[in-house]
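This report covers the salt bridges of one protein model. The sequence and structure come first.

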Amino acid sequence: MLQSFLYFVNPNNPTSTVTPASEIDPWVRSKPDNTLFIADEAYAEYVSDPNFKSMANLIQDGLDNVVLLKTFSKLYAMAGMRVGFAVGAPAIIKMMKDQVAGEKLNYPGVTAALVSLDDEPFQEYSRASNLESRKILASCFDKLGVKYLPSSTNFMFFELNEPIRAFQKKMAARNILVGRPFPPAMNWCRISLGTPQEMAYVANELTKMRAEGVF
């Protein structure tokens, strides 16, 4: 009987960083007693880091101690549809199915998800747009000397010289909403990547704030 669950997000939220497969795979393959690994790969479609490998390969190899969680809310831009799925060994999926709560997927959401899987041009557009937005913000941080973590997602995590709450108010005054606090990293900010045009605006505002001495 399962006694422990190990849940992790890769790429991680809020750091936007990748845990290499070389550190994950041997651990999972060692099959610790009564342990189920639950891997959330919501941001995996954005990753270009060669050290990353989806845990789907472990399931394909027959391991029954892994459940992979996927969503259509990121790359496919379907956050409002609330559609996702799980992949795992048949026995594990049956166990999960028997415990599902009353909330179910809706027909429009499932239909949209199936269409999205075949819409490769949009997927490439989404990746390219996100990459351009990431480069714009990273370039801004580099010019301003702001410390940030390497991003493999559709957001970035960067260090502030003040508490996040104070920074949130300054950004809101410029019509920019940034992420909530992520304790204990209270002087770090998670900012989602919008369109390249939106991130150019963010970069311009951050540059002006630095010139004014408020960032």
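## Basis

A salt bridge is a side-chain nitrogen of Lys or Arg within 4 Å of a carboxyl oxygen of Asp or Glu. The model is predicted: local features need pLDDT of at least 70, side-chain atom pairs count only at pLDDT 80 or more, and totals for chains, interfaces and linings use all residues. Residues are numbered from 1 along each chain as its sequence is written, and side-chain values use heavy atoms, with hydrogens and water left out.

## Network and total

A network of salt bridges links Arg 174, Glu 205, Lys 208 and Glu 212. Searching the whole structure gives ten salt bridges.

## Pairs between distant parts

Arg 29 and Asp 61 form a salt bridge, with an N to O distance of 2.7 Å. Arg 29 belongs to helix α1 (residues 21-29) and Asp 61 to the loop between α2 (56-60) and β3 (66-71), so the pair ties together parts 32 residues apart in sequence. Helices (H or I, at least four residues) and strands (E, at least two) are DSSP runs, numbered from the N terminus. Arg 29 is partly exposed at 40% relative accessible area; the class lies between buried (under 20%) and exposed (over 50%), using a 1.4 Å probe and protein chains only.

In the salt bridge of Glu 45 with Lys 70, the closest N and O atoms are 3.0 Å apart. This pair also links distant parts of the chain, 25 residues apart: Glu 45 is in the loop between β2 (35-40) and α2, and Lys 70 is in strand β3. Both Glu 45 and Lys 70 are buried.

## Lys 170 and Glu 162

Lys 170 and Glu 162 form a salt bridge, their closest N and O atoms lying 3.0 Å apart. Lys 170 is partly exposed at 25% relative accessibility, whereas Glu 162 is buried at 12% relative accessible area.
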